[in-house]
Amino acid sequence: MHRRGPEALGDGWMNRRVLIKLIAATTALPLAARAQQPSLPVIGFLHSGSPKPNINLVTAFRDGLSEAGYVEDKNVAIEYLWAGGRYDRLQGLAADLVLRKVAVIFGAGPPAAHAARLATTTIPIVFVSGDDPVKSGLVVSLNRPGGNVTGVALFTGQLGAKQLGLLRELLPKAALVAVLVNPNNPLTNAVTMDVQAAAAVTGYQIEIVNASDEGEIDKAFATLKELHADALIVGADPYFFARNDQLVALAARYAIPAFYELREFAANGGLMSYGASITDGYRRAGAYAGQILRGARPADLPVLQPTKFELVINLKTAKSLGLEFPATLLGSADEVME
């Protein structure tokens, strides 16, 4: 079956078709009972979120696979397992993939990547992760990962100094910055420590606010109002990515300048973002999975790093908040949305 690229997702019919397939893959019979064609290698796609918010990322992963010569349902099968925001389910789902004896496991995001690593030391694992994979124990080194794990590191947990510096340019009089994190994400400690270390240099007061479900996100913004926070940094987290609409809407409702790490938030009405491209990360991970299917060893594939970090600014949102970006900041932006 021929798969069309991300540009096809603008078509509503294709959007529904992809989503129906992903949901069906999640709600079908248990893995051991599924009838896969025995001639096709199987990739286990392990994600902590849900299908609908991640359609573009799935497409990017499949685009990477196609670059390596693999097309889903033609010469490779993909088992999609979604935790639906329940990070505590990931270990069991990873164990299911091991029992299924898939050819490769793709761990999408830090929680899924670490669950896969704990589940097997023999099945090849490819990850996309925002943490430092060496510090978190996913790999031995970036150049020579060793073992059965490699992938793409976005290093979103090490952007605190840059984010606070950009905020200082936009809001020179700001004093208190809140940082929203998911306590269930293994990346959270790195994000927290990085921002706090950067705040010690920039002079900001930092308030860490936790949220791991929809209700807690609502409460978190109420807390920001009580704290009189001048700005908000939303930590990189797969669940927050899935709650993109809610987070952007709450930032608008509470009129708080919010800074995100992924372009998708700014494109959806967030004030600004700074970070690597997550869609490019998924594409590169798909290509790595294809290389492994062709015989490459994860230990010999260096962990891929971002080639660029992009600053995206949404002027419409800035206007609604009564903010004006300085010319220097606008000049350094990679993309300005009007």
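A contact is a pair of heavy atoms within 4.5 Å. In this predicted model, residues 24 or more positions apart account for 71% of the contacts in the protein with a separation of 6 or more. The protein contains 13 helices and 12 strands, taken as DSSP runs numbered from the N terminus (helices H or I, at least four residues; strands E, at least two). Of the 338 residues, 54% are buried, that is, under 20% relative accessible area with a 1.4 Å probe and protein chains only.

**Confidence**
- The average pLDDT, the predictor's confidence in each residue from 0 to 100, is 88, and 89% of the residues score at least 70.
- Residues 1-15 stay under 50 in pLDDT, and the model gives them 24 contacts beyond four places in sequence.
- Residues 25-37 also have pLDDT below 50, with 17 contacts beyond near neighbours in sequence.
- Where pLDDT is low, the predicted coordinates should not be read in detail.

**Helix 5 and helix 6**
- The axes (lines fitted to C-alpha atoms over the stretch in contact, with angles from 0 to 180 degrees between N-to-C directions) of helix 5, residues 160-170, and helix 6, residues 188-202, come within 8 Å and cross at roughly 45°.
- Helix 5 is therefore oblique to helix 6, since angles under 35 degrees count as roughly parallel, over 145 as roughly antiparallel, 65 to 115 as roughly perpendicular and the rest as oblique.
- On the helix 5 side, Gly160, Ala161, Leu164 and Arg168 meet Asp194, Val195, Ala198, Ala199 and Thr202 of helix 6.

**Conventions**
- Residues are numbered from 1 along each chain as its sequence is written, and side-chain values use heavy atoms, leaving out hydrogens and water.
- Local features need pLDDT of at least 70 and side-chain atom pairs count only at pLDDT 80 or more, whereas totals for chains, interfaces and linings use all residues.

Terms used
Buried < 20%, exposed > 50% of the residue type's maximum accessible area, 1.4 Å probe, protein only.
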